[in-house]
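Please consult the sequence and the structure while reading.

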Amino acid sequence: MLIGFAYGYSSLPGQFYRGKIAAQLSETQANDWLSDCFEFVELAVNPSYKRLGIASQLHDILSDNVDYKTFILTTWVHNSPAINLYKNKGWELIVIILIYF
């Protein structure tokens, strides 16, 4: 049984999602945040194992094992558990982005 997972990748020019993010940032913000950047894409924990610190451990394992100047992620504005986790890990809100596909 899968308990949880986390993954991400290098943020590179020309990638679809990076383009969506860059379009919502100022040129300065895009240069500051998207140069040498890791996109923290997904973090999920099986509901039966929530509130046991697994998300925190997965976050730390992933972020401690890649070497980039910046990390970015997006989450739904109403996803309070995720927002609280990331705030507790020292992430800062740079912009509220509205992305439509």
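## Aromatic rings and nonpolar cores

In this predicted model, ring pairs join F38, F40, Y68, F71, Y86 and W91 into a cluster. The count of aromatic pairs comes to 7. A pair of aromatic rings is described by the distance of the centres and the angle of the planes. Two of the pairs are set out below.

| Pair | Distance of ring centres | Angle of planes | Class |
|---|---|---|---|
| F38 and Y68 | 5.4 Å | 40 degrees | tilted |
| Y86 and W91 | 5.8 Å | 65 degrees | edge-to-face |

F38 belongs to strand β2, whereas Y68 is in the loop between α3 and β3; the pair therefore ties together parts that are 30 residues apart in sequence. F38 has a relative accessible area of 3% and is buried, while Y68, at 23%, counts as partly exposed. Y86 is buried as well, with a value of 10%.

Which residues form the largest nonpolar core? This core has 11 residues: F38, F40, L43, V45, I54, L58, L62, F71, A82, L85 and Y86. Two or more residues come from each of β2, α3 and α4, and β2 gives the most, with 4 residues. A second, separate core has 6 residues, among them A30, L34, C37 and I72.

Leaving aside residues up to four places away in sequence, F40 touches Y7, G8, H59, L62, I72, L73, Y86 and W91.

Helix α3 spans residues 54-64 and includes S63. S63 is buried because its relative accessibility is 17%, under the 20% cut-off. A polar atom of the S63 side chain lies 2.8 Å from the backbone oxygen of H59.

Conventions. Residues are numbered from 1 along each chain as its sequence is written. This is a predicted model: local features need pLDDT of at least 70, side-chain atom pairs count only at pLDDT 80 or more; totals for chains, interfaces and linings use all residues. Side-chain values use heavy atoms; hydrogens and water are left out. Buried means under 20% relative accessible area, exposed over 50%, partly exposed in between (1.4 Å probe, protein chains only). A polar contact is a pair of N or O atoms within 3.5 Å; within protein, one must be able to donate a hydrogen and the other to accept it, and residues adjacent in sequence count only if both atoms are side-chain atoms. A nonpolar core is a set of buried Ala, Val, Leu, Ile, Met, Phe, Trp, Tyr and Cys residues joined through side-chain atoms within 4.5 Å. Contact means heavy atoms within 4.5 Å. Rings of Phe, Tyr and Trp (its six-membered ring) pair if their centres lie within 6.5 Å; planes under 30 degrees apart count as stacked, over 60 as edge-to-face and the rest as tilted.
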